[in-house]
Amino acid sequence: MGKHELCDFTNHYNTVAWWHNALSSQFIQTVSLTGEDDFHALIKQICRASSRRGVGMEWGTVQHLDLRHVDRGLKPLQPHAAAFHPTQALIAAAIGNYLIEFDALTGSKISTIDIGAPVVRMLYSPTTGHSVIAILEDCTIRSCDFDTEQTCVLHSPEKKSERISSDTEVHLALTPLQPVVFFGFHKRMSVTVVGTVEGGRPPTKIKTDLKKPVVNLACHPRLPVLYVAYADGLIRAYNIHTYAVHYTLQLDNTIKLIGAGAFAFHPTLEWIFVGDRRGTLLAWDVSTERPNMIGITQVGSQPISSVAWLPMCRLLVTLSKDGTLQVWKTRVIINPNRPPVQASFFEPAVIESIDITKILSQHGGEAVYPLPRIRNIVVHPKLNLAAVLFAHVGSDMPKNRAAYTREGRKQLFAVLQNARGSSASALKEKLSLLGSSGVLADHQLQVQLQEHHSKGQSQLTISDIARKAFLHSHFMEGHSKSAPISRLPLITVVDANHHLKDIPVCQPFQLELNFFNKENRVLHYPVRAFYVDGVNLMAHNLSTGADNIYKKLYPSIPGHIECYSKTIHYSIKQHLFLVVFEFSGGTKDVVVYWEKTNFHSATSKESTIKGRDAAFIGPNENQFAILDDEKTGLNLYILPGAQKEAVGKNEVPNVDASADVNASADVDGGSIRGPVQFTFETEVDRIFSAPIESTIIYAIHGNHIGLAKLIQGYLLSTNDGQQGPAKAEGKKLIKLKVDEIVLK
């Protein structure tokens, strides 16, 4: 999996196809660099633009799927259902009587089917290529094949006149192990199963062992298990072949539940997430014979209508019936040394609240007033991608719009009057509670704060915010669109602190494409590929596909500390690993581990050095540098055997053998010597390896990429080489645009 780019960083999201291309191009070839100019060209090629908005994680729009020209009639339409393909970058959207399939990466329309009635609920079939199983408003269940653009009726109601609306709750579950669909209407006593292909299994009613109203259905994505949720909060797991009971998920009487509103499954672990209609979020571990609850939290007072796992971010998203979207992290995944505690299993993720105005207006979208309520969120099971469905504009608003906005402004005035002397955060919280009643959207408030800060003013006053908010409400009322939202926004989680979060922390392996130049025509492929999982350096065997722990880089981590791997660097020539970790609280470490190549030698040890980034130096990679947390200090370390090569070269520093012995590590009779300290003139965001003697690449986000010669006793110039001894290197810079960040 990798990162797909369109025009800026909010368009970066995962695609298996892109990663496959990267594997076939980057991983099995090397680039012949004949000079430093070629090297500059290569850097410019792999430097990727990304947005610098915000700090930390936030929701950003990737693109809007255009549905404005579908089923043109007297009444404008709005998409009311959507589903992602389980493995491919495809999305199906339902609008009016039409089903439309799009490429989720490019936004291109692939096919359109007129199915005769609006969709109420739909899912992609996991057993066929491009087919959607849908329940329509005429109560029929149909299979819609996008390849042939044909539909097939799988089940019809007993009463032909029976109809439901798009807001009716119906339950649908598909399993990848059988070409069948399980469905049922809300609070009915039975579940029906029918085949998903023409001429398949006839409709059959399943008689469950409990005579209770059914409030939800779900199938396990890997096991032959059907989960039936009942109105008293009990969930039964049935075998999909025999319908025998496997186990029951039920709490004691001290915690009252009223039935599952949504299910989600962890992609690798046997964890089930259940969102209850009482606003409770639960996690169950079903890997043992007797499943146990491993996490519980109260999301709110509103029923939970949707739960989804974000696979690339390892986060859980919940949507309540009132449109509140919340994101949670599960603590035991991040730190395996911490025992799971039910009360602390779920923790709110550090992510900005979703800004609906920004989501709708980014990338050519249109603002809507008043702000619509989020009706549903659909998450791709493999990619960092989601689709947001909104309630029809005006459906949650009183008929007298003028009275509604006047009332909203009265509430706003009361809040502003009572907030005199309050902190900005307290005021912001009070304003957010008012919703869309004439209050500045969060991103617009941030713009105002930035404008005032740039003008040298300390902060916005209450009167400033009041004036802006009132003007904003009048403007939105007069200029914003109030018709149905005819575009379907695709959104992603953007992390300004970790732009490569969607790419595994792994070390690419490279091979020379000189197979036909060798006399014996024999090419030796690498045995393994390395990646980081938690605190473990993992080895993936390229022949067998087996994964094993190659080295545990930290013997233990305190229970209150969370550890994230950021980058990995590996020198094939020196068999040395540099792995950068970040801990909760913002501290960073670089783990230096020398791979054991001689099995008769003593066991290799790892050592840790404080720093935020690392890179190898020189064509033989016999030196490495670590950028400190202040972003200005650079510490150079020299590997055993490298000092002889350094003799006689003025640009290579002489290393004091007694320098910082605490940072040296004994490795196979030798030791890593250093550090020799250097200082950049200005803050540097990243450093990268360069195959040039005593030279390192540095990057300043939004400014330039440059080469710095490591000459002892001088500042490392970052100002176009006009100071210090690097004047000859002055033109060797690559200018960056304001929003460009060097990622790799």
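Colleague: Why is Y554 called buried?

Modeller: Bear in mind that this is a predicted model. Y554 has a relative accessible area of 10%, and buried means under 20%, so Y554 is buried.

Colleague: What makes the pair of Y554 and F581 edge-to-face?

Modeller: The ring centres are 5.3 Å apart, and rings pair if their centres lie within 6.5 Å. The planes sit at 80 degrees, and over 60 counts as edge-to-face. The pair links distant parts of the chain, with Y554 in the loop between β32 and β33 and F581 in strand β34, 27 residues apart. F581 is buried too, at 0% relative accessible area.

Colleague: Why is the pair of F530 and Y550 called edge-to-face?

Modeller: Centre to centre they are 4.9 Å apart, with 65 degrees between the planes, and the cut-off for edge-to-face is over 60. F530 lies in strand β30 and Y550 in strand β32, 20 residues apart.

Colleague: How do you know whether Y550 is buried or partly exposed?

Modeller: Its relative accessibility is 23%. F530, at 6%, is buried.

Colleague: Which residues touch the most other members of the largest nonpolar core?

Modeller: W59, L310, I377 and I491, out of 26 residues in that core. Among the elements that each supply at least two of its residues are β1, β22, α4 and β28. I491 touches W59 and I377, among others.

How values were computed: Residues numbered from 1 in each chain as written. Predicted model: local features only at pLDDT ≥ 70, side-chain atom pairs only at ≥ 80, totals over all residues. Heavy atoms only, no water. Core = buried A, V, L, I, M, F, W, Y, C linked by side-chain atoms within 4.5 Å. Buried < 20%, exposed > 50% of the residue type's maximum accessible area, 1.4 Å probe, protein only. Helix = DSSP H or I, 4+ residues; strand = E, 2+ residues; numbered from the N terminus. Contact = heavy atoms within 4.5 Å. Phe/Tyr/Trp six-rings, centres within 6.5 Å; stacked < 30°, edge-to-face > 60°. Lists of a residue's contacts leave out its neighbours within four places in sequence.
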